[in-house]
Amino acid sequence: MKLAPHLHRLGNDIVASYLIDLPEGITLIDAGMPGHWDDLQRRLVEIGRPISYIRGVVLTHGDGDHIGFAERLRTEADVPVFIHAADAHRVRTGEKPKTPMGPSRLGPMLGFLAYGIRKNALRTRQVAEVVEVADGDVLDLPGAPVIIGMPGHSPGSVAIHVPAVDAVFVGDALTTRHVLTGREGAQPAPFTDEPDRALDSLDRLAAVPASWVLPGHGAPWHGTPADIAAAVRAA
C-alpha cells in the first residue's frame, strides 16, 4: 500500500512494516514477519528499486513480529539493523518477560495466529548483529530518522520520526487494531511489559509534528500524534 509520496506500507492491519523511498535510498521501519520478505520483494519491483538501495532497517522494538526478515536482510544484503540499546538483548536472543495476555476473543486471536503461520512467524531468526541507538539520535539514513524513546511496551521501544515523509512510526507504543480482540481504534497495545509507563510515554509522542502516525498493528492514523495519544488514553 502506498500511503503518500515516498511512503509505503508492507503487510496489512494485522502486522505492518514500512518502506521510505527517497532519492538517496530506502529506509525500512520494522521487518514484520519472515514471510513479509516476499511483500518487500514485490514492492521493490513495483517502485523499480534493487535491494541494494536499502540503507538500513530501524526497529521500533525487539519483538518477533517486528524483526521478521531483518536478519535475512542483514546477512544477504549487508543491510544494518538499528535498535535501541535497551532492546538489543531481546532482539539478539528473543528473551523477554512474560506479560498477561489480557482480553481476547477467539476469532481474532485465531486469525492472528493463522496469519503468523502463513507468514512463517515460527521461523523468525533473531538478529545476530545490531547497531544500538539512543533517545534523540538522528540516524544517517534516508529521511534522517529521529529516535524518540517510548519505554513501556518494552524497555527499548521507540517511536521513529521521519520529517521527510511527515510521519512518526510507533511500533507497539499503541495500536489501532487489537490483535487479540479485533477491536479497532486507537488503544493500548497488548503484551506490554509496563502498561503505566507506556501511557506516560504518550506525552513524548504528542509533541511530535507529523500528519501520519503509523503503528505495527492496525490501520494508519492520518492525524496528529497529539490526537491519537489522547484517544489511546480515552480508550
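## A buried phenylalanine

In this predicted model, Phe 169 has a relative accessible area of 1%. Because residues under 20% count as buried, Phe 169 belongs to the buried class. The residue is part of strand β10, which covers residues 167-171.

Leaving out residues up to four places away in sequence, Phe 169 touches Leu 7, Tyr 18, Ile 20, Ile 29, Thr 60, Val 158, Ala 159, Ile 160, Val 162 and Leu 214. Phe 169 and Pro 220 are 51 residues apart along the chain, and their C-alpha atoms are separated by 9.7 Å.

## The five-stranded sheet

Strand β10 is also a member of an open sheet of five strands, ordered β8-β9-β10-β13-β14, with mixed pairing. Its edge strands are β8 (146-149) and β14 (221-222), each of which pairs on one side only.

Strand β8 and strand β9 (residues 158-162) run antiparallel and are joined by four bridges. Within this pairing, Val 146 stands opposite His 161 in β9.

## The seven-stranded sheet

A further open sheet contains seven strands in the order β1-β2-β3-β4-β5-β6-β7, and its pairing is mixed. Strands β1 (2-4) and β7 (131-133) stand at the edges with a single partner strand each, so one side of each has no neighbour in the sheet. On average, neighbouring strands of this sheet are turned by 25° against each other, direction ignored.

Strand β3 (residues 16-22) pairs with strand β4 (residues 25-29) in the antiparallel sense, over five bridges. One of the residues involved is Leu 22, whose bridge partner in β4 is Gly 25.

Strand β6 (residues 81-84) includes His 84. With a relative accessibility of 15%, His 84 counts as buried. Apart from neighbours within four places in sequence, the contacts of His 84 are Val 133, Ala 134, Asp 135, Gly 156 and Val 158. Val 158 is likewise among the residues touched by Phe 169.

## Helix α1

Helix α1 has twelve residues, 36-47, and reaches 17 Å from its first C-alpha to its last, close to the 16 Å expected at 1.5 Å a residue. Its buried residues include His 36, Trp 37, Asp 39, Leu 40, Arg 43 and Leu 44. These residues cover an arc of only 155° around the axis, which puts them on the same side of α1. An α-helix has 3.6 residues a turn, so residues three or four places apart point the same way.

Val 45 and Glu 46 are exposed, on the face of α1 turned away from its buried side. The helix is followed by Gly 48, which has a positive phi, near 70°.

## Helix α4

Helix α4 (residues 106-118) has 13 residues; the distance from its first C-alpha to its last is 18 Å, close to the 18 Å expected at 1.5 Å a residue. Pro 108, Phe 112, Tyr 115 and Gly 116 are buried in α4. Seen down the helix axis, the buried residues fall within an arc of 100°, so they line one face of α4.

Where do the buried residues of α4 pack? They pack against β2 (7-11) and α1. Strand β2 is a member of the seven-stranded sheet, and Leu 7, which is in the range given for β2, is one of the residues touched by Phe 169. The face of α4 turned away from its buried side carries the exposed residues Leu 106, Gly 107, Ile 117 and Arg 118. Asn 120, which follows α4, has a positive phi, near 60°.

## The chain as a whole

The protein chain has six helices and 14 strands. Along its principal axes, the C-alpha trace spans about 40 × 35 × 30 Å. For 235 residues, a compact globule would have a radius of gyration near 18 Å, and the 16 Å of the protein chain agrees with this.

Of the 235 residues, 54% count as buried. Among contacts between residues at least 6 apart in sequence, 67% join residues at least 24 apart.

Conventions
Residues numbered from 1 in each chain as written. Predicted model: local features only at pLDDT ≥ 70, side-chain atom pairs only at ≥ 80, totals over all residues. Heavy atoms only, no water. Pairing = 2+ DSSP bridges. Helix = DSSP H or I, 4+ residues; strand = E, 2+ residues; numbered from the N terminus. Axes fitted to C-alpha atoms, helices over the stretch in contact; angles between N-to-C directions. Buried < 20%, exposed > 50% of the residue type's maximum accessible area, 1.4 Å probe, protein only. Contact = heavy atoms within 4.5 Å. Expected span 1.5 Å × (residues − 1). Arc of directions from axis to C-beta. Rg over C-alpha atoms; globule rule 2.2 N^0.38 Å.
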